[in-house]
2 protein chains.
Amino acid sequence: MKRTEISDLGEFGIINQINSKFKNTKPSTVMGIGDDAAVTSTSKELILSSSDMLIEGIHFDLSYTPLKHLGYKLVMVNLSDILSMNCYPSQILVNIAISNKFSVEAVDELYEGIKFACDEYDIDLIGGDTTSSLSGLIISCTAIGYTDKGIVSYRKNARPDDIICVSGDLGRAFLGLLILQREKNNFIKDPNNQPDLSNYKNLVEKQLRPKARKDIIDFFRSNDIIPNCMIDISDGLSSELLHISNSSNLGFKIFEDKLPIKDDVFSASQELDINYLDAILNGGEEYELLFSIPVDKFESVNLDKIDISPLGHFTNDKRKLLVEKSGKNREIKSKGWNHF
Amino acid sequence: MKRTEISDLGEFGIINQINSKFKNTKPSTVMGIGDDAAVTSTSKELILSSSDMLIEGIHFDLSYTPLKHLGYKLVMVNLSDILSMNCYPSQILVNIAISNKFSVEAVDELYEGIKFACDEYDIDLIGGDTTSSLSGLIISCTAIGYTDKGIVSYRKNARPDDIICVSGDLGRAFLGLLILQREKNNFIKDPNNQPDLSNYKNLVEKQLRPKARKDIIDFFRSNDIIPNCMIDISDGLSSELLHISNSSNLGFKIFEDKLPIKDDVFSASQELDINYLDAILNGGEEYELLFSIPVDKFESVNLDKIDISPLGHFTNDKRKLLVEKSGKNREIKSKGWNHF
């Protein structure tokens, strides 16, 4: 029997392979696989649902991840998928599997973080499954939201000339992870090396405790904005831009000097000897929102009080370009995350 | 810091502890944790959602579980939770985490089973997450269904004198598991011992490839039955009866000679030297439906063409009793499954 290695296909290859097997047939299924959240319909409203799984040793390392932060992050990751459809999440279901290396207090810690997130974002935890594992911690979450028809922002509806915007800043979550890994290695080499993270506070915080950008959706609502397309940045800016442009059958042009980069991203990149653009373009787990709005709408909105940055625009020309500070065009390719 | 072992609390203890932390506040949440599926409401319809996780080494052993069957079973387990609310499931979201010991073909096999189940039960797979694990296979599923208000069968609404009924037969799934484990051990001891499962076909099939009882819901619809309460048997008859009677604040009386027991359950119990009543009362993973209906309704329905058995009735008296063939009363206690 033929054996193809999973690594040969990669994550997206496998997902595509799975998708190709399933065709939606129910009238109540408006959008299945292929966006951040699934959309299902009742007679009057749309229901959005999304599910994600976090695995110890793959998505998190408990040697530097407090369980409370992990619980909070699990919820954020899932809420972010509903928000990135331009919809408010309402409920979550959480499954956890734990080995006997965890105590009840540890489970408490995890759910403290989940509860904190639920309270902060006005979410009900409405179900799930609790079971054991042979080793390590496995958590999965499904988020559900409801919205009126006509307001959902899919990946496929970007328009040529739309202004591409991103919330917040980029690169911190990825660099925060590298810093945590470095400090862990230093500690393993010599337990007297107590990690001092005070210089990297915002990097580490973005990695361990990202925020789902509900405030951006609030801003859209109060400014009558419905983005033509939207996605959250879980796999990196490049990867998400390619998702949207492929789904919408467009190209894009973004400008290096427009990328929202904080000083600590420059300094940490230098310290870690990596190209800061790599951190910005390919760093995952930012959970910022990437979206596009028509030029006239963009020009009519006051962005002074919200951290939204225009990066460039979508084009009929299919090329995917980053215009460097020097003026040189550079083709954007996806590196994304590949856990396999 | 105090450390309580998870095993000290047990599964239900932990679930209760988690539940006590969360209070539903959204108008759209009709029923959160505490039943087989969560109920959320849009303006006109109820949406039901339920999520479950299966872990290699805990819930399944790939040495005797074909991946295709496993995918099918994952869906059944989740559909069963929606059906047990007296509602038809419509969509599922599936998360999988796989280690590199699995090939693409193996993943294909798993999804073949998922697809087979979706086709058979008219379900759309609408989302999920695919990622890697350090060891073994982890799969979780969320099922969603829609229904009119007023038709949902909760655990809490059993009434005194209601006839307690169960679909199908009991004990096979549990005995099937014991047979598979025995054959595996024989094979490990001596690889020349090729397992011959031909005498245990229905036991093994019920374990590896259970059916969610959609046909029972069809029967309810065509006979204008809305069960006062319903639950699916995942943890064993005793455990589920106690769930309902505790939720409904009632006792019950069931009769040993009414229990639906097939000949192969008697013979396999004898062969394995276990009490067949233990298999019937405490064997999990049956995915049969346990429900109650008022006496007059029960008497008006023709059960000739459907495998539904009356077991006894609920009582105002809080005692939970099995009336043995001898006439002796025996108190029912939950053993349930305890993975920890």
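1. How many bridges pair strand S7 of chain A with strand S11 of chain A, and in which sense do the two strands run? In this predicted model, strand S7 (residues 163-167) of chain A and strand S11 (residues 308-315) of chain A are joined by five bridges and are antiparallel. Within that pairing, Ile163(A) has His313(A) in S11(A) as its bridge partner.

2. S11(A) also pairs with strand S9 (residues 251-255) of chain A, and here four bridges link the two strands, which again run antiparallel. One of the residue pairs to look for is Gly251(A), whose bridge partner in S11(A) is Thr315(A).

3. Turning to chain B, the reader will find that strand S7 (residues 163-167) of chain B and strand S11 (residues 308-315) of chain B are antiparallel and are held together by five bridges. In this chain, Ser167(B) can be found opposite Ile308(B) of S11(B).

4. These strands of chain B belong to an open sheet of seven strands with mixed pairing, in which the order is S8-S10-S7-S11-S9-S12-S13. Strand S8 (229-232) and strand S13 (329-331) of chain B each have a single partner strand, so they stand at the edges and one side of each has no neighbour in the sheet. On average, and with direction ignored, neighbouring strands of this sheet are turned by 25° against each other.

5. The next point concerns two helices of chain B. The axes of helix H2 (residues 67-83) of chain B and helix H3 (residues 104-121) of chain B cross at roughly 40° and come within 6 Å of each other. Because of that angle, H2(B) is oblique to H3(B), and the crossing in which H2(B) passes H3(B) is right-handed.

6. On the H2(B) side of this contact the residues include Leu67(B), Leu70(B), Leu74(B) and Leu79(B), while those of H3(B) include Leu110(B), Ile114(B), Phe116(B) and Tyr121(B). Taken by class, the residues in the contact of H2(B) with H3(B) comprise 15 nonpolar, three polar and three charged.

7. Finally, the domain assignment divides chain A into domain 1 (6-147) and domain 2 (163-331). Where these meet, 18 residues of domain 1 of chain A are in contact with 18 residues of domain 2 of chain A. Helix H2 (residues 67-83) of chain A, with nine residues, gives the most to the side of domain 1 of chain A that touches domain 2 of chain A. That side of domain 1 of chain A has nine nonpolar, six polar and three charged residues.

Conventions: Residues are numbered from 1 along each chain as its sequence is written. Chains are lettered from A and ligands numbered from 1 in the order in which they are written. This is a predicted model: local features need pLDDT of at least 70, side-chain atom pairs count only at pLDDT 80 or more; totals for chains, interfaces and linings use all residues. Axes are lines fitted to C-alpha atoms, for helices over the stretch in contact, and angles run from 0 to 180 degrees between N-to-C directions. Angles under 35 degrees count as roughly parallel, over 145 as roughly antiparallel, 65 to 115 as roughly perpendicular and the rest as oblique. A crossing is left-handed if the near helix is turned anticlockwise from the far one by less than a right angle, and right-handed if clockwise. Two residues are in contact if their C-beta atoms, placed from the backbone, lie within 7 Å. Ala, Val, Leu, Ile, Met, Phe, Trp, Tyr, Cys and Pro count as nonpolar, Asp, Glu, Lys and Arg as charged, and the others, Gly among them, as polar. Two strands pair if DSSP finds at least two bridges between them. Domain bounds come from an automatic or database domain assignment.
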